[in-house]
Amino acid sequence: MAKAKRPQQAPQAPVSSSTLSETERRELLRYMVMAREFDAAMLRLYRQGKAFGGVYSQLGNEAVSVGTAYALDTKADVLFPMHRNIGSHFVFGQDLDTLMVNHLARKGSQMRGTDGTGHYADPAKRIYGNVSHLGAMIPVAAGFVLASKMRGESCVALTYIGDGGAQVGEVHEALNFAAVQRLPLILVIENNQYAYSTPSSLEFACERLSDRALGYGIDGVTIDGTDVELVLATTRKAVERARRGEGPTLIETVTMRMRGHAEHDDFAYVPKAMLEEWAAKDPVERYAERLIADGVMSTESVKQLREETLAHMIAAIDRAVELPWPDAEEAFRNVFMDEVAQ
Ligand SMILES: Cc1ncc(C[n+]2csc(CCOP(=O)(O)OP(=O)(O)O)c2C)c(N)n1
Ligand SMILES: [Mg+2]
């Protein structure tokens, strides 16, 4: 039997001064704070019995969602988000009320109130997903950019898969096809060390998932997923390659899933020391500290950003919980077996 791997560490980020404008840096922090506060709101709502089904925390994944999506042209490119990418939705211009109504499964939601976890498509915002947590979305994303390429459009697809989901067959098929066709596809493997209760040492035997890129004949890289500027710079390079017709890129982001698989899971199987180690690398806290140290923001303006964001969340929740529940018939719409509806 292969010996157990050590828990994964991200390679050290290069220490460099930022090449971004102050406006861009403030915006990155703002999106990450929005993601963080949306997440915190969903956890509270779950405990209050106001959010149903799976509530999948993205705590610790803010830099991945925001940094990757920020590299795209939200008017021309396309986003296929996964279940821990709330920050990507915000970057693509999805509005808070729409997301809150979707997640609280109220009447008027984009899934007609039948689902709370974001399986919605919003073509006007160029957001499609998530189709499934486990790989079925990757072929759809590849197909989308195959079609746009055939139409002569310049459109890059950004999509994500977990460390566990990356082990299913559809991911391999989609990536291989995209590589052969030189499709403008960016696949981010969000390695957060666990797939439900399975540690990554029981999911795959290679050291880095990005090493698989070699087998597809594409570029691949493993990066620290807690450093938003590194994530953005890496994704920008992938976007440039895709626009030059050089095909897909595989980016593995290393983070830690800081809560259970969903909120029903107490994640007692995760070693406490691992959580403590990664808590010290909190992507939002670290970036706020960096912007303060660089003189881009003051302690006071960071505090104000957090308070304003929280106030927006509370107002959106107040509006969403006032909405009625969906009509009962909605549960049967789009169900393919007629007899189920009888
Ligand atoms: C066929 C199938 N089996 C099981 C599930 C339940 N499920 C959803 S996500 C998931 C684990 C995903 O782990 P990973 O890909 O690492 O993503 P993470 O949740 O850690 O972000 C499981 C078991 C499912 N949705 N579909
Ligand atoms: Mg995982």
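Predicted model: local features only at pLDDT ≥ 70, side-chain atom pairs only at ≥ 80, totals over all residues.
User: How many aromatic pairs does the model have?

Analyst: The count comes to 7 aromatic pairs. One of them joins phenylalanine 80 and phenylalanine 144, with 5.8 Å from centre to centre and 75 degrees between the planes. Planes over 60 degrees apart count as edge-to-face, and this pair is edge-to-face.

User: Where in the chain do phenylalanine 80 and phenylalanine 144 lie?

Analyst: Phenylalanine 80 belongs to strand 1 (residues 78-80) and phenylalanine 144 to helix 5 (residues 137-150). They are 64 residues apart, so the pair links distant parts of the chain.

User: Is phenylalanine 80 buried or exposed?

Analyst: The cut-off for buried is under 20% relative accessible area. Phenylalanine 80 has 1%, so this residue is buried. Ring pairs also link Phe80, Tyr128 and Phe144 into a cluster.

User: What is the geometry of the pair formed by tyrosine 194 and tyrosine 269?

Analyst: That pair is tilted, at 5.8 Å centre to centre with 50 degrees between the planes. Tyrosine 194 is in strand 6 (residues 194-195), while tyrosine 269 is in the loop between strand 9 (249-254) and helix 9 (272-279), 75 residues apart. Tyrosine 194 is buried because its relative accessibility is 8%, whereas tyrosine 269, at 28%, counts as partly exposed.

User: Which ring does the charged end of arginine 30 sit over?

Analyst: The charged end of arginine 30 sits over the ring of tyrosine 31, 5.0 Å from the ring centre. In another case, lysine 281 lies over the face of tryptophan 278, at 3.8 Å from the ring centre.

User: How many cavities of 30 Å³ or more does the structure hold?

Analyst: There are 2. The largest cavity has a volume of about 220 Å³, and 20 residues line it. Closest to its centre are Tyr56, His83, Ile86, His103 and Thr117.

User: Which helices supply at least two residues of that lining?

Analyst: Helix 1 (22-47) and helix 3 (86-91) each do. Helix 1 gives the most to the lining of the largest cavity, with 3 residues. By class, the lining of the largest cavity has 7 nonpolar, 11 polar and 2 charged residues.

User: What lines the second largest cavity?

Analyst: The second largest cavity has a volume of about 30 Å³. Its lining includes Ser57, Gln58, Leu59, Gly60 and Asn61, along with Arg84, Asn192, Thr255, Met256 and Arg257. These residues divide into 2 nonpolar, 6 polar and 2 charged.

Definitions and conventions: Residues numbered from 1 in each chain as written. Chains lettered and ligands numbered in written order. Heavy atoms only, no water. Phe/Tyr/Trp six-rings, centres within 6.5 Å; stacked < 30°, edge-to-face > 60°. Helix = DSSP H or I, 4+ residues; strand = E, 2+ residues; numbered from the N terminus. Buried < 20%, exposed > 50% of the residue type's maximum accessible area, 1.4 Å probe, protein only. Lys NZ or Arg CZ within 6 Å of the ring centre and 35° of its normal. 1 Å grid on protein atoms, 1.4 Å probe; cavity = no way out; pocket = protein on both sides within 12 Å on 5 of 7 lines; lining within 4 Å. Points joined across faces, edges and corners; volume = space filled by probe spheres on them. Nonpolar A, V, L, I, M, F, W, Y, C, P; charged D, E, K, R; others polar.
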